[in-house]
Structures are given as structure tokens and as C-alpha cells.
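Visitor: Could you walk me through this fold, one feature at a time?
Guide: Happy to; have the model open beside you.

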Amino acid sequence: MQRREFILASAAVAATTLLPQTPAWARERKVRLGMIGTGMRGQVLLKELLRRDDVEVVALCDIEPIMLKRGMDMAAKAGKSAPKAYGQDGDVHAYRRLLSQRGLDGVIIATPWEWHAPMAIEAMQAKVAVGCEVVAGITLQDHWDVLNTQLRTGTPYMLLENVCYRRDVMAALQMVRAGLFGELVHLQGGYQHDLRAVKFNSGDSAQPYGSGVEFGAKGWSEARWRTEHSVERNGELYPSHGIGPCAMYTGINRGNRFTHINSFASKARGLHEYTVAKSGGTSHPSTQVKFRLGDIVTTTLACENGETILLQHDTSLPRPYSLGFRVQGTHGLWMDLNQSIHIEGRSPPHKWEPFQGYQDEFDHPLWKKYEKDAAGAGHGGMDYFVIHAFVEAVKAEAPMPIDIFDAVTWSALTPLSEQSIAEGFKTLEFPDFTKGLWQSRKPIFAFDAKY
Ligand SMILES: NC(=O)c1ccc[n+]([C@@H]2O[C@H](COP(=O)([O-])OP(=O)(O)OC[C@H]3O[C@@H](n4cnc5c(N)ncnc54)[C@H](O)[C@@H]3O)[C@@H](O)[C@H]2O)c1
């Protein structure tokens, strides 16, 4: 067996091994990456790739010429050699030509959700390492297919879940490990982000947010595809930003697992009201659309080790952004909404303390090390870390820090929550994607990478 083949094959089961420090032979290595989907998110990730010396962006693919050109222009402006461009002809399968480009080490997938599973599967079959934007697939079967392809091919796969790298989220992880909260009992998180101005616009590429009430073919960027999911589906549609950190804190797939799930959905009012108010009446076709997605979808998970986790998806009503984290154990709790913490024996009795002092004390070593590099990167720096982790793992041919089991477990919450709601808010058993491996896998995550 070639060295590379051996490492790739073992990567499928090597999720139980410790992430190594980048070995000397990999440190000088450059990786050749492609990107499928150079839309609004793709461009943020592309910026991170282009400012690295250890990455050559050799291929870009997008079926929307304006987005593709933006990506190509970014590469030119960064003074890099021109990547090969695919998709100008509008061929939705142009990415297949990208995947067959010689010498490609990996690909970033930043396309609409429905494309993630087929593109990732074909990339893994082509032995091209995958960094996939959230989510991993649409249906439960998609998640099994992505998982089985990864296990069969051994091609590395990472879900690019950036919130796991947020500074306060990582500091809270250090606190969990230091036992500050005692034994964990209950956690909360979610995706609480007013997306009304993202789900609708005028279709003008210069005004992607809130410029009108068009969606679908007449919309631009996410309004072109994401809104349709609010029309057709009712469930926890965007789980990983909330569940990723909670799963890391509780060691899901590494000594713990989700056993049960149920979801409740409220009535759907926000998107309709928004289109009526924005268009000034009920004559625009968007105001006649019936949205299935409940304005607030509340999902509860039970864990093997006795914790409960509550997630809320809240994207159609006016509200400031908050992921609503709460980490609570036998000794105290942290809530991110007002950045407050209470630790018994350390905080004044029955009083909140500001989180900042704790964040400084428990700042994660990765943040201390790379704070300067992360400055200016998307989402307060966390986009630097998620790209960094992917690139370093590809370079070192090491297991991915957020791996295939994490990806499918976190992302499969969506079809399971849809099923629960459709079956009258039924409590369902959560599938064990690890087939029992969760019992022996070590509690090691992204955050332990020494990179
Ligand atoms: N992690 C985060 O913080 C974060 C933030 C925003 C978006 N996202 C995710 O990133 C992904 C992309 O979102 P976005 O905001 O960039 O949307 P977008 O609509 O701006 O970009 C998607 C791009 O994919 C292209 N595309 C569609 N089908 C294609 C195909 N078959 N082949 C090639 N290109 C194709 C579109 O033309 C578009 O340019 C989504 O999965 C979204 O959930 C993640």
C-alpha cells in the first residue's frame, strides 16, 4: 500500500486517534484546492484560502457567471495564478469536470444545501478531500450515503462548522474540561437569526439583502434557493451552529450519543407578514405563498449519559442575532445571550457575573496562538480557524477535526425533526451512525489540534 492510500484508508476508522501535531514533512507542503460555489459564503472562505501561503486555489466552479467572476477577480486581486474556471455554461454538473482536474488535493463545497450530498459523494469517490459547508444532506438517506461513501473510500471529509471555533464557545469548552460547571446536565443552543432580508430580495446582484420580496428564480443568492426550504419544509433546518458546540461539550460520538429527538413547530406568520409589509399590500405573488416552516421550531434531544439539549430555529421573526447557548451543570451555568456566568462557590450567591474574565482565564490555546492571523477573518475570526483546521488536516493527511460522524449526526437532526413534526411531534429514536463505535472513541475534537 502507498503511504497516502494507507493513511486515507485508516482515516476512516482513525477518528479514535489523537490529532497529531502537523508533521515536519507536511509543514512545508502546499495543497491544491478547488471550490464549488463561489457565492456569498464561498467568497468569504475563498478570502481565507487566498491569504494563505500553503494553499493554491487551482479551480473554481459556479453556474452563476457573476459569482464565478467575483471569485476569479478575488484570485487575481490577491496576485495568485488564475484558477481554472468551471460552470460558465450554466451546466449544473460542471463540478464533475473540476473534480477530475489533475492534482486536486481537496475541494470546498459552498453551494445550496441540496447539492452538498451529491457533490461530496462524487468528490470522495474521486479521492478529493471534502470541506463541506453546513449541512451534510437533505434526507436521512443522504446522510447514510455520505457516511457510507466516506467509510468506503476513506477520503477525508470535514463539515465546515465554524461556530465550534468561536472564541467564547472554545473558552466554554475549556471550562467544561476543567470541571467548572461540574457534571453537565442541560445545554441549549440554536440558530436565532432574522433571515427575512436574506430570504427575499429584488434579484439585483448588487443588493443581496432586503431589497425586495422576490425569491426562487427571480431572487439572488440565498433568496434563490434557501427560501424554498421555508415553503416546503417544517423542521430544524439549520442545526449545526447550535448543536456542534453542544455535541462537543457533551462528547457526542465519543463516549456519549443522542438517543432520542423530538421537535415542535409554532405557527408560521413572520415571512408572510414581512412580504406584505415590504411590498405594501397583498398583490405581489410572494404574499400569496403558504410557508410551511414554523417561525420557532423547538427541538429536544436526550443523550445516553443523561443530558438534555434544547435547540431553537428562529429565522422568520424580527430579533437580534443570538445562538442562545447555555451550558449548565451541577456547579453552575454559562449563557451567551448576556455573556453571563454563575459558578457556585466562585460567583456571589444567586448573582450573574460577566463572562469576560472567565473567557480571558480559559481562552483556548488555539485562539491565543492564532489571534493575530484570525483578525479580520469572517464571523469574528472563526472562519479563519475552520479553514485553517481543514487545510492543516489535508496537508498532514490527518483525520479531520470535525469528521464524518460529527457531520452526519449533527446534520441529520433536520430530517429527524421534520419527521417528528410530521408525525405529530413524536419522539423518535436517534440513529447511531457510529454503529457502536461511540463507546470507544476518545473525547478528542477540533480543539485539540496542535496546529
Ligand atoms: N457557516 C456559515 O457561517 C455560513 C454562512 C453562510 C452560508 N453558509 C452556507 O454556505 C452555503 C452557500 O451559501 P451562500 O450564502 O454562499 O449562498 P449563495 O446562493 O450566495 O451561493 C451559492 C452558490 O452556489 C452556486 N451553485 C448552485 N448550484 C450550483 C452547481 N450545481 N454547481 C456550481 N455552483 C452552483 C450558486 O450559483 C451560488 O453562487 C450554504 O450551504 C449555506 O448554508 C454557511
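**Strands, helices and a ligand**

Guide: Ser340 stands opposite Pro354 in S14. Two strands count as paired if DSSP finds at least two bridges between them. Helices (H or I, at least four residues) and strands (E, at least two) are DSSP runs, numbered from the N terminus.

Visitor: Before we go on, what are we looking at?
Guide: A predicted model, where local features need pLDDT of at least 70 and side-chain atom pairs count only at pLDDT 80 or more, while totals for chains, interfaces and linings use all residues. Residues are numbered from 1 along each chain as its sequence is written.

Visitor: How many bridges join S12 to S13, and which way do they run?
Guide: Strand S12 (residues 332-335) and strand S13 (residues 340-343) run antiparallel, with 4 bridges. Gly332 has Ile343 in S13 as its bridge partner. S12 and S13 make a hairpin with 4 residues between them, and Gln339 in the turn has a positive phi of about 50°.

Visitor: In what order do the strands of the open sheet come?
Guide: A general point first: in a regular strand the side chains alternate between the two faces of the sheet. Here 6 strands form an open sheet with parallel pairing, in the order S3-S2-S1-S4-S5-S6. Strand S3 (84-86) and strand S6 (157-159) are at the edges with a single partner strand each, so one side of each has no neighbour in the sheet. On average, neighbouring strands of this sheet are turned by 20° against each other, direction ignored.

Visitor: Which residue in S4 is the bridge partner of Leu33?
Guide: Gly106 is that partner. Strand S1 (residues 31-36) and strand S4 (residues 106-109) pair in the parallel sense over 4 bridges.

Visitor: Which strands does H15 touch?
Guide: Helix H15 (residues 382-396) packs on the sheet and touches S1, S2, S4, strand S5 (129-132) and S6, its direction making about 135° with that of S1. Contact means that C-beta atoms, placed from the backbone, lie within 7 Å. Axes are lines fitted to C-alpha atoms, for helices over the stretch in contact, and angles run from 0 to 180 degrees between N-to-C directions.

Visitor: How do I describe two packed helices?
Guide: By the angle between their axes and the distance between the axes. For H3 and H15 the angle is about 65°, with the axes 10 Å apart. Val44, Leu45, Glu48 and Leu49 in H3 meet Asp383, Tyr384 and Ile387 in H15.

Visitor: How is the chain divided?
Guide: Into domain 1 (3-163) and domain 2 (183-329 + 412-443), with bounds from an automatic or database domain assignment. Their centres, taken over C-alpha atoms, are 25 Å apart. Their contact takes 15 residues from domain 1 and 17 residues from domain 2. Helix H7 (residues 140-153) gives the most to the side of domain 1 that touches domain 2, with 3 residues.

Visitor: Why does the ligand lie between the domains?
Guide: Domain 1 and domain 2 both give residues to the shell around the ligand, so it lies between them. The ligand is surrounded by 26 residues, the closest being Gly37, Gly39, Arg41, Glu64 and Met67. A residue is near a molecule if its C-beta atom, placed from the backbone, lies within 6 Å of it. H3 gives the most to this shell, with 3 residues.

Technical notes: Two residues are in contact if their C-beta atoms, placed from the backbone, lie within 7 Å.
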